[in-house]
Amino acid sequence: MVKTIKIKGGDGDSVVMIGESLLNLGRYVPVEKTVIITDKNVWNCYGKDFPPYRVIKIEPGEKGKTLDTVREIYERLLEFEVDRSSFIAGIGGGVVCDIAGFAASTFLRGIRFGFVSTTLLSQVDASVGGKNGVNLDEYKNIVGVFNQPEFVICDLSLLSTLPERELLNGFAEIIKHAAICDTELFVFLEDNHKKALSLDRNVIGKLIYDSVKIKSGIVSRDEKEKGERRKLNFGHTFGHAFEKSMGIPHGEAISAGMIKASRLSVKKGLLKEEEFERLKRLIELFCLPVELPYDLVKVIDAIKKDKKRDNLSLHFVFLSGIGSAVIKEILISELD
Ligand SMILES: NC(=O)c1ccc[n+]([C@@H]2O[C@H](COP(=O)([O-])OP(=O)(O)OC[C@H]3O[C@@H](n4cnc5c(N)ncnc54)[C@H](O)[C@@H]3O)[C@@H](O)[C@H]2O)c1
Ligand SMILES: [Zn+2]
């Protein structure tokens with residue numbers, strides 16, 4: 001069964017379809033004028049199931065998320081004589097969706113676009129919220145636009161070919177969503193971690209649905225990240241710094257980042273010790289790390305370089321209970 005969630009954006013509405021199939025993509029796009037952007041891994045796994053449109057294949061992974069790749073895409077779009085009535089369908093994970101959304105939003109000052117989201121992380125996080133962008137030098141997502149895709153297809157069957165580490169990146173974000181605003185989802189994760197890890201269709205469908213609901217709810221109240229949307233950065237201040245300084249996957253980094261943020265929450269008297277232990281246990285149930293052998297000097301240095309920093313202080317997301325978060329401004333010197 002397909003479950004849908006409608007998201008209101010500044011420039012139009014978007015619909016996320018959970019349980020819809022890549023095979024039905026043709027129902028949602030103008031047949032003649034669609035160009036697909038994908039990466040080579042996704043093409044190798046699922047190219048045979050793509051509708052017969054022109055395809056631009058980019059190199060997989062974060063390395064290719066650059067303005068050079070965007071330039072190559074623009075050149076192919078010119079070659080294909082794409083015009084204002086054309087449509088771009090991004091089929092891939094967060095990297096493909098971020099680049100495809102950015103290219104579509106800027107080429108000819110913006111043409112219509114939608115996504116088939118193929119990783120758990122992009123289904124629960126990256127393709128929801130209307131942020132599209134690329135990296136510049138060492139700065140992640142520093143060039144980009146806010147613009148909602150017309151639709152996001154979350155095809156659950158595509159997750160079966162995802163490497164384990166990629167799946168865990170998605171589970172870490174789901175745990176984050178539960179921790180910051182949904183006690184019921186948190187309990188569901190505690191009770192169903194085995195089925196989740198084995199990609200039981202009902203369990204995974206509910207996890208994606210709830211995550212999209214949570215993220216889209218927050219985004220619709222604060223599209224441009226002036227307040228509440230910052231809660232989605234729970235675990236990410238330290239997480240990004242771990243990721244950058246240790247070269248580890250995003251999910252592992254933010255898991256340890258959520259633990260670090262929760263420890264600080266206990267220290268500030270915002271979170272009970274037993275609630276901290278509960279989060280730690282859940283992260284462990286999902287085979288994600290709660291401890292990392294990091295170098296504090298390097299980590300603090302990476303936090304200072306983070307683009308979201310305002311001078312010596314930053315907006316830090318604390319947990320004030322299982323299922324609730326608060327944002328407070330703190331000094332970088334209070335972080336260790
Ligand atoms: N726009 C946002 O709000 C937002 C939010 C979170 C993350 N992001 C971005 O998302 C990116 C990470 O996304 P990701 O984790 O999906 O990474 P990704 O797009 O690099 O995909 C991970 C790997 O899995 C492969 N892959 C994709 N689908 C597959 C499938 N079904 N089967 C087998 N292999 C498959 C890809 O080729 C790639 O090698 C980052 O660049 C991050 O900045 C954006
Ligand atoms: Zn994240």
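**Where the two domains meet**

Modeller: The domain assignment, which is automatic or taken from a database, divides the protein into domain 1 (3-161) and domain 2 (165-334). This is a predicted model, in which local features need pLDDT of at least 70 and side-chain atom pairs count only at pLDDT 80 or more, while totals for chains, interfaces and linings use all residues. Residues are numbered from 1 along each chain as its sequence is written, and chains are lettered from A and ligands numbered from 1 in the order in which they are written.

Taken over C-alpha atoms, the centres of domain 1 and domain 2 are 26 Å apart. Their contact (C-beta atoms, placed from the backbone, within 7 Å) draws 25 residues from domain 1 and 23 residues from domain 2. On the side of domain 1 that touches domain 2, two or more residues each come from strand 1 (3-9), strand 2 (12-18), helix 4 and strand 8, where helices are DSSP runs of H or I with at least four residues and strands are runs of E with at least two, numbered from the N terminus. That side of domain 1 holds 14 nonpolar, eight polar and three charged residues, with Gly counted as polar.

Helix 4 (120-126) and strand 8 (139-146) also give two or more residues to the shell around ligand 1, as do helix 1 (40-46), helix 3 (94-106) and helix 5 (164-181). This shell has 29 residues, the closest being Asn41, Gly93, Gly94, Val95 and Thr119, and a residue counts as near if its C-beta atom, placed from the backbone, lies within 6 Å. By class, the shell around ligand 1 has nine nonpolar, 12 polar and eight charged residues.

Conventions. Two residues are in contact if their C-beta atoms, placed from the backbone, lie within 7 Å.
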